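Reader: I would like to learn how to read packed helices, pockets and salt bridges in a model. Please give the general idea and then the case here.

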Amino acid sequence: MERSGVAFGTSGARGLVTAMTDAVCFAYTVGYLKHLATLGEFAPGRPVALAGDLRPSTPRIVRACIAAIRHMGGEPVWCGYVPTPALCNYAFAHDMPSLMVTGSHIPADRNGIKFNRARGEFLKEDEVAMREQDVELPEGWFDADGTLVHPTEFPAVTDVVESFVERYREFFGAQALAGLRLGVYQHSAVGRDVLVQIIEALGGEAIPLGRAEAFIPVDTEAVRPEDAELARQWASSGDYHAILTTDGDSDRPLLADRNGNWLRGDVLGILAARFLEAASVATPVSSNTALEKTGLIPHVRRTRIGSPFVVAAMMEAVAAGQLPTMGYEANGGFLLASDIVRDARTLTALPTRDSILPMLSAIIAARGYQDDLTALVASLPPRYTLSDRLVEMPTAQSQAHLAVLRRDPKKAAAELGFVAICGDLVNVDETDGLRMTFSTGDIIHLRPSGNAPELRVYVEAGSVERAETLLKSGLAAVATWREKAPA
């Protein structure tokens, strides 16, 4: 791990494709299975499910993972190029470990492997235990460059899509989307055709848009200007009630209203939790505080950013009997920790990021607002979040500057110009990065990315215009850190 530079981020192991050689990916998979063996979740003869996204490097990495599973005596179950939640829905139902080869939303020159336990996501303690495993590469299986030379064939594809589509049809009903015309921005998302199938299975009309052959790094949290413009152009025709899309591995949603405005993921999470009548919600500290201000969720748990932390908090809520329990992230990823029963229909737990459930929940909830998502969002307390990233900002450099902020937050916030535009600093939250709340109610949150050399900037305010001003000011202030050593 240290030599390759491929390390764990917020969602699995990720790195440059050049660093993720066959040997490195093989070693990671062996370490993963050895760890699961200590937990009683893997042994020779046990099946291990795997799938991948549509980036060019994925088939090669999948092949190395298949070789590792067979080397360990396991039986690889190849699910094809399908959404991460479809893989997990199948694997969890069959008490089967699974891994997804994906870099999610990051550029195509990078990739990753997301590991799952037999009944849920890999947690941070699993990552620590996996690192402790001793792994020895089999002699003669790799050349000097780490390329797999041992003959390795892909198994036949096991269909996991049919049961995934049926999951939503059974719960919401075959006419839940009847009369709705929904655009599907397909780009290079692995679930682009599955999303069309689900809409049609619920009685809606799905119109594919923007399909691409080359990989496009769509980020559901920091929406690219190109994607914002595309949504506005498509919506200008007046043909769509909403536009739906996902990130690369289709576990994070992005939903636009009829005007082509993309909804923030943390707003989508609130809408879904409210519609599904959650008793407990776990969400990262960066998510919109309108969640608490609604007063409708009895139990709210704030966590560090990343689905493993959300999962851990949801498990605590389940243990406390706070049901139904669910969680979401600012990127829109929605997790269901317990079953939901409604009108004699059961939606089974799926404790991993699910892009489909929150989008369907919001669209169906909007049926009570004349199918207008804008009106549905307006029913929430007025709090607005935005985020962006300072790219090519090494993590170590970001951490050094944040350390200065932590030593004397009020002085550092003043020097960055935050106090001048936001008022006095009244609270600092160090749950993940540094989240500063000011006397005006404005919030500025700085956090190094867990999977790329970037500094994330999150803001929250009482209006969209104010949030835009905060984000612009925040990015300009931290941009000076590129050339300036911390004092």
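Reader: At what angle do the axes of helix 8 and helix 11 cross?

Author: Two packed helices are described by the angle between their axes and by the distance between the axes. In this predicted model, the axes of helix 8 (residues 265–275) and helix 11 (residues 356–365) cross at roughly 70° and come within 8 Å. Helix 8 is therefore roughly perpendicular to helix 11, since angles of 65 to 115 degrees count as such.

Reader: Which residues make the contact of helix 8 with helix 11?

Author: Helix 8 contributes Leu268, Leu271, Ala272 and Phe275. From helix 11 come Pro358, Met359, Ser361, Ala362, Ile364 and Ala365. Sorted by class, this contact of helix 8 with helix 11 has nine nonpolar residues, one polar residue and no charged residues.

Reader: How are helix 1 and helix 4 packed, and at what angle?

Author: The angle between helix 1 (residues 22–38) and helix 4 (residues 124–131) is about 110°, and their axes are 9 Å apart. Helix 1 and helix 4 are therefore roughly perpendicular to each other. On the helix 1 side, Tyr28, Gly31, Tyr32 and His35 meet Asp126, Ala129 and Met130 of helix 4. The contact of helix 1 with helix 4 divides into four nonpolar, two polar and one charged residue.

Reader: Next, pockets. How much space lies in the largest pocket?

Author: Rolling a probe the size of a water molecule over the atoms shows where empty space is left. Here the largest pocket holds about 1000 Å³ of space.

Reader: What lines the largest pocket, and which residues lie nearest its centre?

Author: The lining has 37 residues, and those nearest the centre are Trp262, Arg264, Thr385, Leu386 and Val464. Two or more lining residues come from each of helix 7 (225–235), helix 8, helix 12 (373–378), strand 18 (384–390) and helix 16 (464–479). Strand 18 gives the most, with six residues. By class, the lining of the largest pocket has 20 nonpolar, eight polar and nine charged residues.

Reader: How many salt bridges does a search of the whole structure find?

Author: The search finds 29 salt bridges. One of them joins the side chains of glutamate 205 and arginine 181, at 2.8 Å from N to O.

Reader: Where in the chain are glutamate 205 and arginine 181?

Author: Glutamate 205 is in strand 8 (residues 205–211), and arginine 181 is in strand 7 (residues 181–187). The two residues are 24 residues apart, and the pair links distant parts of the chain.

Key
Residues numbered from 1 in each chain as written. Predicted model: local features only at pLDDT ≥ 70, side-chain atom pairs only at ≥ 80, totals over all residues. Heavy atoms only, no water. Axes fitted to C-alpha atoms, helices over the stretch in contact; angles between N-to-C directions. Helix = DSSP H or I, 4+ residues; strand = E, 2+ residues; numbered from the N terminus. Parallel < 35°, antiparallel > 145°, perpendicular 65-115°, else oblique. Contact = heavy atoms within 4.5 Å. Nonpolar A, V, L, I, M, F, W, Y, C, P; charged D, E, K, R; others polar. 1 Å grid on protein atoms, 1.4 Å probe; cavity = no way out; pocket = protein on both sides within 12 Å on 5 of 7 lines; lining within 4 Å. Points joined across faces, edges and corners; volume = space filled by probe spheres on them. Salt bridge = Lys/Arg side-chain N within 4 Å of Asp/Glu carboxyl O.
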